[in-house]
Amino acid sequence: MTVTSGQGIKMKTTGVHHVSLRSTDLARSKVFYIERLGFPLLLEIEELFLFLAGGTVIGVRGPSPNTPPDDAFDPFRVGLDHVALGCTDPLELHRVAAALTQAGVEHTGVKTDALLHKDYRATLRAATDAYFAALARRDFDAIPYADNVVLRAPVVPGGGANPLSGRETLRTVWWQPLVPALDGVTVNVIDYYVNADATAVCVTAEVILPVAKATLRVADRFTVDADGRITEQENHFDPRAVTAGAVGAAK
């Protein structure tokens, strides 16, 4: 098969199916993943066990005849660097770290990701969590907007290229027409991404709108001041999902 330069194979995939790890001590690995971390065991045979981490299947195999008896994992060796498991709750990270310490398991502790700056700054997260909670309750006043907040969104008059300025403008121009579509809304936050100087956060979430019969995958960016007030907000999603749902509901 010949692949044109720059075109690529364009493989179609639903994502990671499973991750397979090699261990020098299968029994010890099982204690760590199943008994210490508490992941559900899916399958166990003589040289392998599988467990479920969130929605990802992870397999751990014992040593093969070609595995050196004194071999040890090295993240700097060519091959696997590490496996990262998602967690959106910083309290859960600290709870697990404390449990590992109590069990005598050596670990690095909770650290900030130097690349993604995922340190879950409390002020940023509190502001964005309040926003999504207010959507679910349809309560504009519960959103910690600054008086001079600026909003860019696909569904405002003029679209994202024409920002709305001012808290009361957002209330009348953006929020009031939005409220009917929020009846029964469900918001599932997926993850938080904080910028380098911890002044802004991008939150990915799934928003299910029963009235519009639409499910949106959104990526909303918030700039938050030192007092925890949202000064800038950018909503990113495909508004055609809402329009199509609304048309379908009207038929």
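**View 1. Strands β8 and β9 pair in the antiparallel sense.** V201 has F222 as its bridge partner in β9. Two strands count as paired if DSSP finds at least two bridges between them. Strands (E, at least two residues) and helices (H or I, at least four) are DSSP runs, numbered from the N terminus. The model is predicted, so local features need pLDDT of at least 70 and side-chain atom pairs count only at pLDDT 80 or more, while totals for chains, interfaces and linings use all residues. Residues are numbered from 1 along each chain as its sequence is written, and side-chain values use heavy atoms, with hydrogens and water left out.

View 2. Axes are lines fitted to C-alpha atoms, for helices over the stretch in contact, and angles run from 0 to 180 degrees between N-to-C directions.

**View 3. T223 is found in strand β9.** T223 is buried, with a relative accessible area of 15%; buried means under 20%, exposed over 50%, and partly exposed in between (1.4 Å probe, protein chains only). Its side chain makes a polar contact with the side chain of R221 at 3.3 Å. A polar contact is a pair of N or O atoms within 3.5 Å; within protein, one must be able to donate a hydrogen and the other to accept it, and residues adjacent in sequence count only if both atoms are side-chain atoms. Leaving aside residues up to four places away in sequence, T223 touches T199, A200, R229, I230, T231 and E232.

**View 4. An open sheet of four strands has the order β1-β4-β3-β2.** The pairing in this sheet is mixed. Strands β1 (18-22) and β2 (41-45) stand at the edges with a single partner strand each, so one side of each has no neighbour in the sheet. On average, neighbouring strands are turned by 15° against each other, direction ignored.

**View 5. Strands β3 and β4 run antiparallel.** Six bridges join β3 (residues 48-53) to β4 (residues 56-61). A53 has T56 as its bridge partner in β4. Helix α1 (residues 26-36) packs on the sheet and touches β1, β2, β3 and β4. The direction of α1 makes about 15° with that of β3.

Methods:
Contact = heavy atoms within 4.5 Å.
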